Amino acid sequence: MSFELHASAAYLASASYVWDWGSVFNKDIGHLALIGLKYTLEVCGLSFLIGSTIGMAVAGLRLSHTPPFTQIAYIYTDFFRTTPALVQLIWVFYVVPVLFGIVLSPLVSGVVALSLNAGAFFAEVFRGGIESIPRGQWDAAYVLGYRRRSTLARIILPQGLRQALPATANIFISLLKDSSLLSVIAVHEITYQAQTQAAQNFRPLELYTALAVAYFLLTYPLSLTSSWLEKRFRVH
Amino acid sequence: MIKRPGDRAGRHVSVSSPTPELSLGARTIELIGLRKSFGDKVVLDGIDLTVAEGEVLVLIGPSGSGKSTLLRCIARLLQVDAGEIRIGGQAIQDGSANWKRRLEIARASRPLRKEVGMVFQHFNLFPHKTVRQNVTMGLRLVRQMTRDEADRTAVELLTRMGLADHLDKQPGQLSGGQQQRVAIARALALRPHVLLFDEVTSALDPELVGEVLSVMRELAVSGMTMLVVTHEMGFARDVADRVIMMDEGRIVEEGSPEELLTRPKNARTQQFLHRIVDR
């Protein structure tokens, strides 16, 4: 990818570049873009679901205040927040098969890596949300005779998750963008599609511009939703 | 030591009578040699106290004297370090027990948990639920009422508290005084035998204190057993059967409101009352 881009960038320095949008907006590329979009959304949606489940479980471990579990949760979140998602992805794709003898398809590897990565962020967001609920809420429920489970399910989580909602939307945005990393292990999402097409029709400028616009159109409404949620739930 | 209640004039049921299914008897609450420390700080330093059924006990004393901690121990929000708490003769906390016995006590006394209600300084209403739901949720979860039963009970109780117009509002839309009345209704709905009030008017604007105190007065008249931590000396004088003065984790003086508030014997009580009146 980088070589072609450098080459064309140098060539374009003359500023006499003639844009040819027809090379991008045609039936063939439209078809490939749709396939790419399907993969992008699939990867993103699955990682969001799996990641939030992992995050909820890890937040639970963190808040259990029981020695081995809390430490495990710490190690997990620290590891995945301090290493780049790209490195994690490559590690899952190339190292896991060697170590464990399991061969994962690029798509599965990608979803596993992104889910684990997002799980760490989800865990922090959920933990923060739950911890933001004042002690008095627990006290009141306890004195009313609620069981711990009911207190969590009906009092703490509904309020805590509401607090966590804007941050959750941000994680979704990050996942949408990070799914582009999967192009390096040949998952056919939109970035991969743009790269392969650019290699064939030598129109990287048009393709990558269109790609950027596509990501923008996907994420911008989400980012608006996130700030709307933030405003809506700030009142307390 | 125990003044039998029932001699207060004009007892009538007006807010909600506890209508006990079981009577906890004269020894409703017994505290025996209670001790509690937070780190190095001793907060309760040997408390012995018996509260009779229907008695209204007001706890006064400077901040940090252990009044709130005492209530929180009775509500089991805190574990005592030593001593015992009994309700209706049954242990609910025993500081000298080993962990096994503590678990046993916790399990055996679980049904008693709903016999002790508590109202907090900062209301602690559930902000994501409506006023009505704040009351019905406990009825459904703890008293296993049907939806209709719970709703009827809640509406009736809230109406008597003067909150009929606010049933479907969020707590955040109400004034402090209204929120505190919701909190009292929520505690009362479960028909506890004992209600603990922890400085329930301290966070209120002065003009809203009266409406909460008048609900508490009616409750007292209806025969509810109440332990009230407050700085409202007028309330103590009019409503209390007995006033307890605490300082540095100990009960330094106790007596009828008239004795204790007008002719205090203990120097610390005298000092404390002076400061309150001078304000």
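A salt bridge here is a side-chain nitrogen of Lys or Arg within 4 Å of a carboxyl oxygen of Asp or Glu. With that in hand, welcome to a set of close-ups of a predicted model.

**Figure 1. Glu258(B) and Arg263(B) are joined by a salt bridge.** The N to O distance between these two side chains is 4.0 Å. Glu258(B) counts as exposed because its relative accessible area is 54%, and the cut-off for that class is over 50%. Counted over all chains, the model holds 23 salt bridges.

Figure 2. If you look at the arginine, Arg250(B) is partly exposed, at 47% relative accessibility.

**Figure 3. Glu156(B) and Arg160(B) pair up within helix α5 of chain B.** Their side chains form a salt bridge with an N to O distance of 2.7 Å. Why are Glu156(B) and Arg160(B) separated by about one helical turn? Because they sit four residues apart in helix α5 (residues 147-160) of chain B. Over in chain A, salt bridges that share partners bring Arg62(A), Arg81(A), Glu124(A), Arg127(A) and Glu131(A) together in one network.

**Figure 4. Chain B meets chain A.** On the chain B side 23 residues are in contact, and they touch 18 residues of chain A. Between them the two chains bury about 1800 Å², with 63% of that area on carbon and sulfur atoms. Which three residues supply more of the area that chain B buries against chain A than any other three? They are Arg113(B), Phe126(B) and His128(B), which supply 34% of it.

**Figure 5. Arg72(B) reaches across to Asp139(A).** These residues form a salt bridge, and their closest N and O atoms are 2.7 Å apart. Across the interface of chain B and chain A, one salt bridge is found. Polar contacts between chain B and chain A come to eight residue pairs. Several elements of chain B give two or more residues to the side that touches chain A, namely α3 (110-113), β6 (116-119), α4 (131-141) and α6 (176-189). Sorted by class, that side of chain B has 13 nonpolar, four polar and six charged residues.

**Figure 6. Chain B as a whole, for orientation.** Its secondary structure comprises ten helices and ten strands. Chain B has 279 residues, and 55% of them count as buried. Among contacts in chain B with a separation of 6 or more, 67% are between residues 24 or more positions apart. The accessible surface of chain B is about 12200 Å², and carbon and sulfur atoms account for 47% of it.

Figure 7. Ile130(A) is part of helix α5 (residues 106-131) of chain A. Is Ile130(A) buried or exposed? Ile130(A) counts as buried because its relative accessibility is 10%, and the buried class covers values under 20%. Leaving aside residues up to four places away in sequence, Ile130(A) touches Leu63(A), Ile156(A), Leu157(A) and Gly160(A). For a sense of distance, pick out Gly101(A): it is 29 residues from Ile130(A) in sequence and 39 Å away in space, C-alpha to C-alpha.

Figure 8. Most residues other than glycine have a negative phi. Asn124(B), which is not a glycine, has a positive phi near 55°. Asn124(B) lies in the loop between β6 and α4 of chain B, and Asn124(B) is buried, at 13% relative accessibility. Gln144(B) is not a glycine either, yet its phi is positive, at about 50°. You will find Gln144(B) in the loop between α4 and α5 of chain B. With a relative accessible area of 60%, Gln144(B) is exposed.

Conventions: Residues numbered from 1 in each chain as written. Chains lettered and ligands numbered in written order. Predicted model: local features only at pLDDT ≥ 70, side-chain atom pairs only at ≥ 80, totals over all residues. Heavy atoms only, no water. Buried < 20%, exposed > 50% of the residue type's maximum accessible area, 1.4 Å probe, protein only. Contact = heavy atoms within 4.5 Å. Buried area = accessible area lost by both parts, 1.4 Å probe. Polar contact = N/O pair within 3.5 Å; in protein donor to acceptor, adjacent residues only side chain to side chain. Nonpolar A, V, L, I, M, F, W, Y, C, P; charged D, E, K, R; others polar. Areas by Shrake-Rupley, 256 points an atom, 1.4 Å probe, with all protein chains shown as cover.
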